[in-house]
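Subject: Structure handover

Dear colleague,

Here is the structure we talked about. My notes on what turned up follow below the display.

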Amino acid sequence: MLIGELSRRTGVRPHQLRYYESQGLLAPDRSPAGYRDYPEGAIRTVHQIRKLLDAGLNTDDIAYLLPCVKGDDPELPSCPEAVDLLQDRLRVLDERAATLARSRAALRDYVDVTTARRR
């Protein structure tokens with residue numbers, strides 16, 4: 001299928017599909033005229049990429065994990081080494097969340113003190 005059809009069927013814009021290709025996440029064939037020709041399985045791959053992006057992974061992480069991904073969820077049954085990567089990314093997110101919580105509490109204190117003084 002051509003890029004426009006893949007875009008319509010996945011809801012992902014053509015420029016994003018070309019970006020995924022440039023990152024090694026998609027590998028379409030080329031027609032004699034040079035058009036990208038995606039196999040039917042590219043629909044599932046694009047959905048998997050989107051879910052992994054939504055989980056906060058970057059394209060380098062996804063390129064590492066994608067060969068292991070199975071199903072629509074995506075599942076990673078054949079790659080136990082992927083757990084290390086996922087746990088590391090989760091640790092980073094937990095640290096960011098803790099930093100944001102501290103920042104939020106500090107800002108809340110400033111707002112409370114400032115509004116109390118204006119009364």
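In these notes, a residue is buried when its relative accessible area is under 20%, exposed when that area is over 50%, and partly exposed in between. Please keep in mind that this is a predicted model.

Overall shape

The protein has five helices and two strands. Along the sequence they come in the pattern α-α-β-β-α-α-α. For 119 residues the globule rule gives 14 Å, but the radius of gyration is 21 Å, well over that figure, so the protein is more spread out than a compact globule. A box of roughly 75 × 35 × 20 Å, taken along the principal axes, holds the C-alpha atoms. Of the 119 residues, 26% are buried. Among contacts with a separation of 6 or more, 41% are between residues 24 or more positions apart.

Helix packing

H1 and H2 pack with their axes 9 Å apart, at an angle of about 105 degrees. That angle falls between 65 and 115 degrees, which makes H1 roughly perpendicular to H2. On the H1 side the contact involves Ile-3, Leu-6 and Ser-7, and these meet Pro-14, Leu-17 and Arg-18 of H2. By class, the residues in this contact are four nonpolar, one polar and one charged.

H2 also packs against helix H3 (residues 42-54), here at about 85 degrees and with the axes 12 Å apart. H2 and H3 are therefore roughly perpendicular to each other as well. H2 contributes Gln-16, Leu-17 and Tyr-20, while H3 contributes Val-46, Ile-49, Arg-50 and Leu-53. This contact of H2 with H3 divides into five nonpolar residues, one polar and one charged.

Salt bridges

Side chains of opposite charge can pair when their charged atoms come close. The cut-off used here is 4 Å between a side-chain nitrogen of Lys or Arg and a carboxyl oxygen of Asp or Glu, and by this rule there are nine salt bridges.

Arg-9 and Glu-5 form a salt bridge, at 3.2 Å from N to O. Both residues belong to helix H1 (residues 3-10) and sit four residues apart, about one turn of the helix. How accessible are the two partners, Arg-9 and Glu-5? Arg-9 has a relative accessible area of 39% and so is partly exposed. Glu-5 is at 31%, so Glu-5 also counts as partly exposed.

Glu-21 pairs with Arg-36, and their closest N and O atoms are 2.5 Å apart. This bridge links distant parts of the chain, since Glu-21 is in helix H2 (residues 14-22) and Arg-36 is in strand E2 (residues 36-37), 15 residues apart.

Glu-95 and Arg-91 meet in a salt bridge at 2.8 Å, N to O. The two residues lie in helix H5 (residues 81-118), four residues apart, about one turn of the helix. Glu-95 has a relative accessible area of 43%, so Glu-95 is partly exposed. Arg-91, at 41%, is therefore partly exposed too. Both belong to a network of salt bridges that links Asp-61, Asp-88, Arg-89, Arg-91 and Glu-95.

Best regards

Note on methods:
Residues numbered from 1 in each chain as written. Predicted model: local features only at pLDDT ≥ 70, side-chain atom pairs only at ≥ 80, totals over all residues. Heavy atoms only, no water. Buried < 20%, exposed > 50% of the residue type's maximum accessible area, 1.4 Å probe, protein only. Axes fitted to C-alpha atoms, helices over the stretch in contact; angles between N-to-C directions. Parallel < 35°, antiparallel > 145°, perpendicular 65-115°, else oblique. Contact = heavy atoms within 4.5 Å. Nonpolar A, V, L, I, M, F, W, Y, C, P; charged D, E, K, R; others polar. Rg over C-alpha atoms; globule rule 2.2 N^0.38 Å.
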